[in-house]
Amino acid sequence: VGDRIAVGDVFGDVYRIDMLTTTVWEAGGPDKAVRAAQSTGALITFPNWEVLRSNIVNYSRDFPYVWDEVTFSVANESDLSFAADLIERTAAAVLGDQMAEAARRYAQLLEAERLHFDVDPAPRVYLSLADAWTNCTVRYLVPVRTRRHWASTLVLRVSRELADPRHASRIISAYPRTEAVIRQTWSAPP
């Protein structure tokens, strides 16, 4: 009870477990009225045999944090390393020490199971090419039930930083743009 789980099409927080059924406070998703992982207010009851025939994803039992990502797009002509660094610094300022502590706990869990993976203690930006721009995706670790809050906070703060006039010569927005080149000489085609 209290764990955030996904069983089949059901996603939410376990409210009650009876002999024959499990009841979950539904959290939103792509095909729900609430699209983010926040409570919809609906209770979903399903038979316990569903647990035996479905995969169960537990988002909070041993580790109440999840990795999340937010993507910002910049024009290919931008100073990409500057943009990535600016996004990382802004995200680190927003998340503060909470991510470092969560990453430390995550590393301890992995180490206890002899899984030797590097765990970033601070937000990291990864770049990928798109059709006509570059995506800067910041990856960070936050509490499972406040993921949307942190994503919204990051979108506001990073967008404000990227639009700061001081960075106009180094970061160009990826909105659809039209470029007109005016030539000094022009000759009619033959």
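In the predicted model, strand β7 is joined to strand β8, which spans residues 134-143, by 6 bridges, and the two strands run antiparallel. Together β7 and β8 form a hairpin, with 4 residues between them. Individual pairings can be assigned along this hairpin. Arg124 has Arg139 of β8 as its bridge partner, and Tyr126 stands opposite Thr137, likewise in β8.

An open sheet of 3 strands is found, in the order β6-β8-β7, and its pairing is antiparallel. In general, strands of a sheet pair through backbone hydrogen bonds, either parallel or antiparallel.

Two helices lie across these strands. Helix α2, comprising residues 80-112, lies across β6, β7 and β8 and runs at about 15 degrees to β8. Helix α3, formed by residues 147-162, lies across β6 and β8, with an angle of about 25 degrees to β6.

The side chain of Asn135 makes a polar contact of 2.7 Å with the side chain of Ser73. When residues up to four places away in sequence are not counted, Asn135 touches Thr71, Phe72, Ser73, Tyr126, Leu127, Ser128 and Ala130.

Aromatic residues were considered next. A search of the whole structure finds 5 aromatic pairs. One of these is formed by Phe11 and Tyr59, whose rings are arranged edge-to-face, at 5.5 Å centre to centre and with 85 degrees between the planes. Phe11 lies in strand β2 (residues 10-17), whereas Tyr59 lies in the loop between β5 (56-58) and β6; the pair therefore ties together parts that are 48 residues apart in sequence. Tyr59 is partly exposed, its relative accessible area being 29%.

Tyr15 and Trp25 also form an edge-to-face aromatic pair, with a centre-to-centre distance of 5.3 Å and 70 degrees between the planes. Because Tyr15 lies in strand β2 and Trp25 in strand β3 (residues 21-27), this pair ties together parts that are 10 residues apart in sequence. Both residues fall into the partly exposed class: Tyr15 has a relative accessibility of 38%, and Trp25 has a relative accessible area of 33%.

Further ring pairs link Phe63, Tyr65, Trp67 and Tyr106 into a cluster. Finally, a charged group is placed over an aromatic ring: the charged end of Arg170 sits over the ring of Phe82, at 3.9 Å from its centre.

Notes. Residues numbered from 1 in each chain as written. Predicted model: local features only at pLDDT ≥ 70, side-chain atom pairs only at ≥ 80, totals over all residues. Heavy atoms only, no water. Pairing = 2+ DSSP bridges. Contact = heavy atoms within 4.5 Å. Axes fitted to C-alpha atoms, helices over the stretch in contact; angles between N-to-C directions. Phe/Tyr/Trp six-rings, centres within 6.5 Å; stacked < 30°, edge-to-face > 60°. Buried < 20%, exposed > 50% of the residue type's maximum accessible area, 1.4 Å probe, protein only. Lys NZ or Arg CZ within 6 Å of the ring centre and 35° of its normal. Polar contact = N/O pair within 3.5 Å; in protein donor to acceptor, adjacent residues only side chain to side chain.
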